Amino acid sequence: PDDVTINTGPQGMRVVWLKALKFDNGDDGGPLVLGRAYGDAAEIYAVGSFRGPADAPFSTARVGNETIVVGETKECTPEGDSCRKRSHFILPRRGRLVSAAVIDTERTQIIPSTTERGVFAQYRLVTDVTYKPDGILLLEQVNVRITKTEVPSLDSDRELRTVEFQRFLRLERDTLFSTNEPLWERVVGRD
């Protein structure tokens, strides 16, 4: 049925999302289960809840000895000038699935330039995610460009700069702690 999403991971692990609720903004919500099937039986390791777009895929990842659940969502404004793809890191703890961190893996936004009059700056973030024994390594890159304009006297449609930064989500107990602020907040709106 359309109201159940089942994603299979390594060694028979499964993430099951029962979309039992519909929200006004179009999101679905409901129970999220991490389990494994064995012949005619199943083991349930943790249960939680998730809210997001109906087409949100799930996967499992190994962080050291831990198996975590990763959900991905994508949201765009109706105009399409601002989009963001996010990874939701969910930890199994004492039979519950606990939301530990949400990061942007792709994000785009166009805003008026603060340094050049009459043009717009487009910011585009791409994050590379690598799972390590003690956490998650994030390599973030923000590309800034001046978008094309129809005014011939303005210098537009050009690359402005690219900024890269590495940060780490350290796994501690029931959460993931970031070693630094996301690059997006430190770059956007300064060009």
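Student: What makes the largest pocket a pocket, and what volume does it have?
Tutor: A pocket is an open set of points on a 1 Å grid over the protein atoms alone, with protein on both sides within 12 Å along at least five of seven lines. The largest pocket has about 210 Å³, a volume being the space filled by probe spheres set on the points, which are joined across faces, edges and corners. Bear in mind that this is a predicted model, where local features need pLDDT of at least 70, side-chain atom pairs count only at pLDDT 80 or more, and totals for chains, interfaces and linings use all residues. Residues are numbered from 1 along each chain as its sequence is written, and side-chain values use heavy atoms, with hydrogens and water left out.

Student: Which strand gives the largest share of the lining of the largest pocket?
Tutor: That's β6, with 3 residues; strands are DSSP runs (E, at least two residues), numbered from the N terminus. The lining, meaning residues with an atom within 4 Å of a point, includes Leu34, Tyr45, Thr60 and Arg62. By class there are 6 nonpolar, 3 polar and 2 charged residues.

Student: Why is the pair of tryptophan 17 and phenylalanine 58 called edge-to-face?
Tutor: Rings of Phe, Tyr and Trp (its six-membered ring) pair if their centres lie within 6.5 Å, and planes over 60 degrees apart count as edge-to-face. Here the centres are 5.6 Å apart and the planes are at 70°, so tryptophan 17 and phenylalanine 58 meet both conditions. The pair links distant parts of the chain, as tryptophan 17 is in strand β2 and phenylalanine 58 in strand β6, 41 residues apart.

Student: How do you know that tryptophan 17 is buried?
Tutor: Buried means under 20% relative accessible area (1.4 Å probe, protein chains only). Tryptophan 17 has 0%, so it counts as buried. Phenylalanine 58 is at 5%, so it is buried too.

Student: Which residues make up the aromatic cluster with Trp17?
Tutor: Trp17, Phe50 and Phe58 form one cluster.

Student: What makes arginine 51 sit over the ring of phenylalanine 23?
Tutor: The test is that NZ of Lys or CZ of Arg is within 6 Å of the ring centre and within 35 degrees of the ring normal. The charged end of arginine 51 is 3.7 Å from the centre of the phenylalanine 23 ring, and it does sit over that ring. Arginine 186 likewise lies over the face of phenylalanine 165, at 4.2 Å from the ring centre.

Conventions:
1 Å grid on protein atoms, 1.4 Å probe; cavity = no way out; pocket = protein on both sides within 12 Å on 5 of 7 lines; lining within 4 Å. Helix = DSSP H or I, 4+ residues; strand = E, 2+ residues; numbered from the N terminus. Nonpolar A, V, L, I, M, F, W, Y, C, P; charged D, E, K, R; others polar. Phe/Tyr/Trp six-rings, centres within 6.5 Å; stacked < 30°, edge-to-face > 60°. Buried < 20%, exposed > 50% of the residue type's maximum accessible area, 1.4 Å probe, protein only.
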